[in-house]
Amino acid sequence: MALGAEQRSFGEAVSPGAAETRTSRTAQQIVARVAELRSVHAAFAWFRAHARELEDLQLEVTAIPAPPWGEAARSHWLKTRFEALGLSDIHQDELGNVFGIRPGSDAKAPYFALSAHLDTVFPAETSIVVLREGSKLYGPGISDNGSGITALLAVAAALRESSIAHSASILFIGNVGEEGEGNLRGMRHIFEQSRWLESIGALAVLDGAGTDTIIAEGLGSRRYEVTVRGPGGHSWSDFGIPNPIVALARIIDRFSQTMVPSAPKTTFNIGIVQGGTSVNSIPQSATMRVDTRSASVEQLDRLERALREAVKEGSAVTGGRKKQDALTAAVQVIGDRPAADLPSDSHLLKVIRAVDAQLNNSSRVQRASTDANIPLSLGREAIAIGAGGSGGGAHTVNEWYDPAGRDLGLKRILLLTLSMCGVSEE
Ligand SMILES: [Zn+2]
């Protein structure tokens, strides 16, 4: 965990016009200058004039199924959109991450990247029905992350239509594998490639609706599957053979007594327990899935040690009649999202706060687990922000999106992008 995270008040409000330091005044000046440009006003006007088209685009992308590990169709769709928008160097990598560049005047400057995850939580068999009803849009994934993908394309289109010249190049990314057991595999892969590791200076992740948060603190999580195995047998004739379910119960009992601090907030959950085949059989296996979360890597490490210790003690039984009756236990890591924070004096945080002050938008710094965890854990500047508008029912088939206020979200993303890249005088 980055030091200083505790001192920073969690959910600190950003009130426009609050006392500013000299450096944030500089960020404010940069943002104010960008906001004055005629071409930027033209881009803002483009957002308003194309509100209906953006809704159509959002319905279109949401209708393309993108289950975990099944994002290919949507990835291909995004690639063709990038081509239509005239981005350069468009390509897909072997996982299905899609890239397109809008070149700036300074070819040597690190890229400012905007990303939106392509995947949804919905399994392939989910029927995806999208519809417009009144002013709202409905469909599984319409907001998370139909709205983020739409914002990515809207910003690229508005930049093109208003011919804004910027200094650093903008890298647009549609990435796979953000949700659940996707375990941030898309973003992880991107930052494992030296090409991107060396060229991306800062990243803003566009995820879901809203304009009121700045996710600048990455919530770390680790997930485990624990399996206890034994020979199994008949409940009557093999009585005495060690029972994996009983051992798992002992493990759960021991592990759940682990003390966790409230600051940094650290949690654990046993979410799934499975085992056994019939009431009169000694089971051959029992399994559980455990989720641990913390802002602190040390706390995640401590919980992992506690879990492994509980597994060792809870499964060490000598109740069997023969040596081969002993139980075996295995702990498998099924998810690992690193915890890391954006330093409070980072340029990216100053700029997004200055953008919010400029737009009279109030926002709060929050902690969450997003694609930004990966660059943050590598010491890169990254945040996750919403795409504007509002949404609800995330991760359910009743998900909705209300485009009212999308405008503000798009302006926010555009001002952030141009202020990070630098603009040429008109
Ligand atoms: Zn999302």
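Where is the place of Asp89? Asp89 sits in strand E2 (residues 88–92), where helices (H or I, at least four residues) and strands (E, at least two) are DSSP runs numbered from the N terminus. Its phi is near 55°, a positive value in a residue other than glycine.

The model is predicted, with local features requiring pLDDT of at least 70 and side-chain atom pairs counting only at pLDDT 80 or more, while totals for chains, interfaces and linings use all residues. Residues are numbered from 1 along each chain as its sequence is written, and side-chain values use heavy atoms, with hydrogens and water left out.

Asp144 belongs to the loop between strand E6 (136–138) and H5, and Asp207 to the loop between strand E8 (200–206) and strand E9 (213–218), so the pair ties together parts that are 63 residues apart in sequence.

**Cis peptide bonds**

Asp144 is also joined to Asn145 by a cis peptide bond, with omega near 15°, and Asn145 lies in the loop between E6 and H5. Another cis peptide bond joins Ala263 and Pro264, with omega about -5°; Pro264 is placed in the loop between helix H8 (244–255) and strand E12 (266–275).

**Helix contacts**

Two helix pairs are set out below, with axes being lines fitted to C-alpha atoms, for helices over the stretch in contact, and angles running from 0 to 180 degrees between N-to-C directions.

| Helix pair | Axes come within | Crossing angle |
|---|---|---|
| H3 (residues 51–62) and H5 (residues 146–161) | 9 Å | roughly 130° |
| H8 and H9 (residues 297–315) | 8 Å | roughly 145° |

In the contact of H3 with H5, where contact means heavy atoms within 4.5 Å, Leu54, Leu57, Gln58, Val61 and Thr62 in H3 meet Gly146, Ser147, Ile149, Thr150, Leu153 and Ala154 in H5. These residues divide into six nonpolar, five polar and no charged, with Ala, Val, Leu, Ile, Met, Phe, Trp, Tyr, Cys and Pro counting as nonpolar, Asp, Glu, Lys and Arg as charged, and the others, Gly among them, as polar.

From H8, Ala247, Arg250, Ile251, Arg254 and Phe255 meet Leu303, Ala306, Leu307, Ala310, Val311, Glu313, Gly314 and Ser315 in H9. By class, the contact of H8 with H9 has eight nonpolar, two polar and three charged residues.
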